[in-house]
Amino acid sequence: MTTHTELPPMRESRLDVAGKKIFVAETGDGPPVVLLHGGGPGASGVSNYSRNIEELAKEHRVIVPDLPGYSRSSKGIDPADPFGSLAAGIRGLLDELGLDKAHLVGNSYGGACALRLALDTPDRVDRMVLMGPGGIGTTRALPTPGLNSLLNYYTGDGPSRLKLEKFIRQYLVFNAADVPDSVIDARYRDSLDPEVVANPPLRRPKSLRALWRMDFTRDARLSRLPVPTLVLWGADDKVNRPSGARMLADRLPNCDLYMVANTGHWVQFERADLFNRLCADFLAGRR
């Protein structure tokens with residue numbers, strides 16, 4: 001199993017996008033690929049892809065932002081259309097970087113961001129890799145216990161390290177021992193940002209219209225999306241149901257699907273060697 005903790009030198013900047021700041025780290029040369037992290041408490045781009053950046057940078061210009069609302073990026077996204085708000089921020093980031101088109105890789109919330117960006121502006125996306133993306137069949141079943149744990153982090157008695165550890169070890173990954181305490185400690189510290197506590201970027205939809213808009217399987221554009229897509233889904237995902245993988249593959253016309261055994265919601269972290277190999281080959285057009 002890959003356990004990389006050393007990352008290659010990365011160029012860091014905070015770019016102005018529509019009056020807000022988006023933090024981005026970059027390394028490598030070649031076709032650009034943007035890595036979009038998940039929406040859990042304390043999440044950030046570089047930490048979520050710490051086991052993948054070095055390998056992907058061998059062939060690509062790897063661009064790793066903190067999503068709007070997270071870590072070193074400006075806080076606040078539109079609660080009425082969170083996926084659209086995230087997609088607009090990342091599209092604006094591509095503009096600031098002078099990129100007409102890029103590969104997108106997205107996990108969970110980042111996967112929903114990538115998919116919405118591709119649906120709204122397919123000409124901006126070269127190839128796309130989605131790992132357990134949000135918004136797949138969410139109006140067709142009740143939220144999973146894992147998703148409820150995630151959405152309840154800032155409610156009730158508020159954030160705590162115990163709540164975060166329970167979410168990560170019980171719901172996020174298949175093997176709880178795979179996540180070191182240092183990862184939980186760092187994410188807990190970042191989750192306490194007062195702006196985030198006051199206005200969490202991931203929350204339950206407040207209206208039926210918002211809920212409907214956040215289910216991509218209700219979007220007729222999905223069956224016409226031309227972007228070549230690789231979907232990787234942990235067979236033991238307890239946050240977003242693995243049945244979503246088939247829903248997505250049945251609707252996307254250019255979709256390869258890989259179900260990953262003995263893996264939870266964090267494919268790129270839990271099965272880094274497999275992910276890096278599949279992702280690099282797919283983005284390079286070798287599969």
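The model is predicted, so local features need pLDDT of at least 70 and side-chain atom pairs count only at pLDDT 80 or more, while totals for chains, interfaces and linings use all residues. Residues are numbered from 1 along each chain as its sequence is written, and side-chain values use heavy atoms, with hydrogens and water left out.

Helices (H or I, at least four residues) and strands (E, at least two) are DSSP runs, numbered from the N terminus, and two strands pair if DSSP finds at least two bridges between them. By this rule, 8 strands form an open sheet with mixed pairing, in the order S1-S2-S4-S3-S5-S6-S7-S8. Its edge strands, S1 (11-17) and S8 (255-260), each pair on one side only.

| Helix | Residues | Buried residues |
|---|---|---|
| H4 | residues 109-120 | Tyr109, Gly110, Gly111, Ala112, Cys113, Ala114, Leu115, Arg116, Leu117, Ala118 and Leu119 |
| H7 | residues 181-191 | Ile184, Arg187 and Ser191 |

Because 11 of its 12 residues are buried, H4 is largely enclosed by the rest of the structure. In H7, the buried residues Ile184, Arg187 and Ser191 cover an arc of only 70° around the axis (taken from the directions from the helix axis to the C-beta atoms), which puts them on the same side of H7. On the other side of H7, Ser182 and Arg189 are exposed.

Methods: Buried < 20%, exposed > 50% of the residue type's maximum accessible area, 1.4 Å probe, protein only. Expected span 1.5 Å × (residues − 1).
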